[in-house]
Amino acid sequence: MNTRKNKKAAIELSIQESVDNPIVLKDKPQKKSNNKKLEKQIQNDIFAAIGSLEGVLLFRNSVGLLDAVRSDGNVQRIKQGLGQGSPDLIGCLKLKNGLGQFFGIEVKRPGCKLRENQIQCHEKWSKFGIKIFTATSKEEALILMQELIDKCNSY
């Protein structure tokens, strides 16, 4: 009990010190603009361009943990996405023969490289016939997508 009283007294003292001596937050210094697009911006551009192509069904693949509130009010952590290293965008291309070709687009900022878990995932998926390419811009993604469309429709 003595430790509880000590903790409570320490908390009350800390609160009183905060009231007596408020912390003044200073504005963060502005980061210099380097005119480089963030990966999320590039992903949005690619998603809009590729997703609007005829015969293409495209989805975002958000990988990570999600805190979901259950009906009883408790929070449950849920895994989402297709796994670590999986491509940012996942799609299906409708081919001339009526079949579909599953594909993935890994989005990177120019100069950035794939992480080891991405390389491993992409190699594994490729063994199952899934076409995966990496793009650093909307223009590059459109060129690579057109190459995929041409190649897949040539069979």
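What follows is a short chat about aromatic rings and the nonpolar core in a predicted model.

Trainee: What should I know about the model before we start?
Mentor: It is predicted, and local features need pLDDT of at least 70, side-chain atom pairs count only at pLDDT 80 or more, and totals for chains, interfaces and linings use all residues. Residues are numbered from 1 along each chain as its sequence is written, and side-chain values use heavy atoms, with hydrogens and water left out.

Trainee: How many aromatic pairs does the structure hold?
Mentor: The structure holds one, where a pair means Phe, Tyr or Trp rings (for Trp the six-membered ring) with centres within 6.5 Å, and planes under 30 degrees apart count as stacked, over 60 as edge-to-face and the rest as tilted.

Trainee: Why is the pair of F102 and W125 called stacked?
Mentor: The ring centres of F102 and W125 are 6.2 Å apart and the planes lie at 25°, so the pair is stacked.

Trainee: And are those two buried or exposed?
Mentor: W125 is buried at 15% relative accessible area, whereas F102, at 33%, is partly exposed; buried means under 20%, exposed over 50%, and partly exposed in between, with a 1.4 Å probe and protein chains only.

Trainee: Switching to the core, which residues touch the most other members?
Mentor: In the largest nonpolar core, which has 18 residues, they are I46, I50, L93, F103, I105 and M145; such a core is a set of buried Ala, Val, Leu, Ile, Met, Phe, Trp, Tyr and Cys residues joined through side-chain atoms within 4.5 Å.

Trainee: What is I50 in contact with?
Mentor: Leaving aside neighbours within four places in sequence, I50 is in contact (heavy atoms within 4.5 Å) with V56, L58, F103, I105, A141, L142 and M145.
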